[in-house]
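This report describes one protein model for a reader who is new to structural analysis. Please keep the sequence and the structure in view while reading.

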Amino acid sequence: MATGETGFSDVVYDLISVQYHSLKAGHDYGQYVRDAENAGKKEIADFFRSVMEQDSERAARCHQFLADLSGTEEAGPAVS
């Protein structure tokens, strides 16, 4: 499995990246929900809640994959 400049496998790096961006987006969507609610747009607020939930599930799935790979050769141990 290829390792990038970090010493971790590309797959681990990619999972961490997706997890980070999912968590960051989920945080941002909270504001979007409030904006839609403040504008009286319940359907749009519900849409943002749904998107936020999907990102939360995506981040949790990445977390599980990372836990499964942690400490294995597939993860590509960090360079000392």
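What share of the 80 residues of the protein count as buried?

## Overall features

The model discussed here is predicted. Of its 80 residues, 26% count as buried. The protein has 2 helices and 0 strands. Its accessible surface comes to about 5900 Å², and carbon and sulfur atoms account for 55% of that surface.

Contacts along the chain can also be described by the separation of the residues that they join. Among contacts between residues at least 6 apart in sequence, 61% join residues at least 24 apart. One example of two residues from separate parts of the sequence is given by Leu23 and Met52, which are 29 residues apart along the chain, with their C-alpha atoms separated by 8.9 Å. Leu23 belongs to helix α1. With a relative accessible area of 51%, Leu23 is exposed, because the limit for that class is over 50%.

## Helix α2 and its cover

Helix α2 comprises residues 42–69. It has 28 residues and reaches 41 Å from its first C-alpha to its last, which is close to the 40 Å expected at 1.5 Å a residue. After α2 comes Gly71, whose phi is positive, near 80 degrees.

Which residues of α2 are buried? They are Ala45, Val51, Asp55, Ala59, Cys62, Leu66 and Leu69. What covers these buried residues includes α1.

## Gln19 in helix α1

Gln19 is found in helix α1. Is Gln19 buried or exposed? Its relative accessibility is 16%, and Gln19 therefore counts as buried, the limit being under 20%.

Leaving aside neighbours within four places in sequence, Gln19 is in contact with Ala59, Cys62, His63 and Leu66. Among these, Ala59, Cys62 and Leu66 are listed with the buried residues of α2. The side chain of Gln19 also reaches the backbone oxygen of Ala59, at 3.4 Å.

## Salt bridges

Side chains of opposite charge can pair when their charged atoms come close. How many salt bridges does the structure hold? It holds 5 salt bridges, and three of them are described here, beginning with the pair Lys24 and Asp28. The closest N and O atoms of this pair are 3.0 Å apart. Both residues lie in helix α1 (residues 10–38), 4 residues apart, about one turn of the helix. An α-helix has 3.6 residues a turn, so residues three or four places apart point the same way. Lys24, at 39% relative accessibility, counts as partly exposed, and so does Asp28, at 26%.

The pair of Lys42 and Asp46 belongs to helix α2, where the two residues are 4 apart and therefore separated by about one helical turn. Their closest N and O atoms are 2.7 Å apart. Lys42 counts as exposed at 58% relative accessibility, whereas Asp46 counts as partly exposed at 33%. In a further salt bridge, the closest N and O atoms of Glu37 and Arg49 are 2.0 Å apart. This pair links distant parts of the chain, with Glu37 in helix α1 and Arg49 in helix α2, 12 residues apart. Glu37 is partly exposed, with a relative accessible area of 40%, and Arg49 is also partly exposed, at 33% relative accessibility. Glu37, Lys42, Asp46 and Arg49 are linked in a network of salt bridges.

## Aromatic pairs

The structure holds 3 aromatic pairs. One of them is formed by Tyr29 and Tyr32, with 5.5 Å from centre to centre and 55 degrees between the planes. The pair counts as tilted, because 55 degrees falls between the limits of 30 and 60 degrees. Both residues lie in helix α1, 3 residues apart, about one turn of the helix.

Ring pairs link Tyr29, Tyr32, Phe47 and Phe48 into a cluster.

Definitions and conventions. Residues are numbered from 1 along each chain as its sequence is written. This is a predicted model: local features need pLDDT of at least 70, side-chain atom pairs count only at pLDDT 80 or more; totals for chains, interfaces and linings use all residues. Side-chain values use heavy atoms; hydrogens and water are left out. A salt bridge is a side-chain nitrogen of Lys or Arg within 4 Å of a carboxyl oxygen of Asp or Glu. Buried means under 20% relative accessible area, exposed over 50%, partly exposed in between (1.4 Å probe, protein chains only). Rings of Phe, Tyr and Trp (its six-membered ring) pair if their centres lie within 6.5 Å; planes under 30 degrees apart count as stacked, over 60 as edge-to-face and the rest as tilted. The expected span of a helix is 1.5 Å times one less than its number of residues. Contact means heavy atoms within 4.5 Å. A polar contact is a pair of N or O atoms within 3.5 Å; within protein, one must be able to donate a hydrogen and the other to accept it, and residues adjacent in sequence count only if both atoms are side-chain atoms. Accessible areas come from the Shrake-Rupley method with a 1.4 Å probe; for residues, only the protein chains shown count as cover.
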